[in-house]
Amino acid sequence: MTAISVEHVSKHFGARHALNDVSLTIAPGEMVALIGASGSGKSTLIRHIAGLDQGDTGSGVTTIFGNVIQKNGRLAADARLLRRDIGVIFQQFNLVGRLPVIVNVLVGLLGRIPVWRGTLGLFTRAEKSAARAALSRVGVGEVAWQRASTLSGGQQQRAAIARALVQRARLLLADEPIASLDPASARRVMDTLATICREDGITVLISLHQVEYARFYCPRTIAMRAGQVVYDGPSTALTTDFLTELYGEASDELVLPEAPLAETTPVRSAASEPLGIPAPATAAATA
């Protein structure tokens with residue numbers, strides 16, 4: 001069974017092809033980078049896989065862990081249930097700034113608890129404990145009761161990852177999660193994603209502008225250009241010359257002027273203790 005299967009999906013915005021007959025598969029437990037210059041279709045593909053955007057009418061089929069989430073441009077009837085297994089991490093964090101960090105993390109449970117409890121914000125002691133454990137695991141346990149707006153960008157992004165852990169997501173879709181972060185914060189976020197992929201068997205598809213991070217953290221990279229997949233293979237092949245062949249002058253968007261990661265080792269996440277919540281189904285399969 002594949003974690004993600006996309007078959008012959010296209011998406012138009014007016015006359016522009018955002019996705020053009022895209023097909024790919026990703027296995028459970030993989031950490032895969034998705035790269036491309038601005039407008040290449042990365043964000044559209046991630047939103048499509050998450051069921052947030054629909055393909056063109058009559059366009060292909062997308063499955064998540066063997067279950068169809070959309071087909072022929074229509075969402076499946078049970079798409080809402082399937083989304084419980086998908087954690088989406090955005091560039092702008094999507095936290096409610098006036099609420100405590102722990103409440104933002106507990107929002108990850110809304111798809112798994114009764115609607116009335118979610119509406120009233122009633123969470124059990126065990127659920128709150130799981131949220132605190134998730135925050136500690138990603139290295140920001142000390143900010144649990146701070147307003148989210150008081151956190152740095154890197155802290156907010158790690159809180160968003162904690163929210164996906166509490167959600168018990170089996171698949172993480174990260175749409176340029178480090179684009180607005182400084183290099184040190186970006187490394188901490190990438191290390192956190194790599195750690196939960198490795199230790200929990202959670203599948204990670206991460207859209208990146210910075211190819212150095214793809215080479216360092218992701219064994220496999222999918223490269224997009226003009227809505228099409230133009231490369232799918234080992235990240236080690238992403239040399240500057242190869243990227244220039246793929247993207248021409250647009251490769252300047254992807255290649256950092258320096259390679260700050262090349263001579264370092266990944267910084268391990270601040271904690272790697274179990275969360276005290278049921279492990280994703282893929283964890284047992286990859287143990």
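1. Asp 200 is buried, at a relative accessible area of 12% (buried means under 20% relative accessible area, exposed over 50%, and partly exposed in between, with a 1.4 Å probe and protein chains only). Asp 200 forms a salt bridge with Arg 137, in which the closest N and O atoms are 2.6 Å apart; a salt bridge is a side-chain nitrogen of Lys or Arg within 4 Å of a carboxyl oxygen of Asp or Glu. The pair links distant parts of the chain, with Arg 137 in helix α5 and Asp 200 in helix α7, 63 residues apart.

2. The model is predicted: local features need pLDDT of at least 70, side-chain atom pairs count only at pLDDT 80 or more, and totals for chains, interfaces and linings use all residues. Residues are numbered from 1 along each chain as its sequence is written, and side-chain values use heavy atoms, with hydrogens and water left out.

3. Arg 137 also meets Glu 199 in a salt bridge between side chains (3.1 Å, N to O). Because Arg 137 lies in helix α5 (residues 125–137) and Glu 199 in helix α7 (residues 183–200), this pair ties together parts that are 62 residues apart in sequence. Helices (H or I, at least four residues) and strands (E, at least two) are DSSP runs, numbered from the N terminus. Arg 137 counts as buried at 6% relative accessibility, whereas Glu 199 is partly exposed at 33%.

4. The count of salt bridges comes to 10. One of them joins the side chains of Arg 47 and Asp 53 (3.2 Å, N to O). Arg 47 is partly exposed, with 31% relative accessibility, and Asp 53 is buried, with 17%.

5. An open sheet of five strands has the order β2-β1-β4-β5-β6, with antiparallel pairing; two strands pair if DSSP finds at least two bridges between them. β2 (16–26) and β6 (74–75) stand at the edges with a single partner strand each, so one side of each is left without a neighbour in the sheet. Helix α1 (residues 42–49) packs on the sheet and touches β1 (4–13), β2, β4 (61–64) and β5, where contact means heavy atoms within 4.5 Å. The direction of helix α1 makes about 60 degrees with that of β2; axes are lines fitted to C-alpha atoms, for helices over the stretch in contact, and angles run from 0 to 180 degrees between N-to-C directions.

6. Strand β7 (residues 86–89) directs Ile 86 and Val 88 one way and Gly 87 and Ile 89 the other way, and all are buried. Four bridges join β7 to strand β8 (residues 171–175), and the two run parallel. Leu 173 in β8 is the bridge partner of Val 88.

7. The largest nonpolar core has 57 residues; such a core is a set of buried Ala, Val, Leu, Ile, Met, Phe, Trp, Tyr and Cys residues joined through side-chain atoms within 4.5 Å. Met 31, Leu 135, Leu 172 and Leu 193 have the most contacts inside the largest core. Leu 193 touches Met 31, Ile 89, Ile 161, Leu 172, Val 204 and Ile 206, with residues up to four places away in sequence not counted. A second, separate core of 26 residues includes Val 9, Val 22, Leu 24 and Leu 34.
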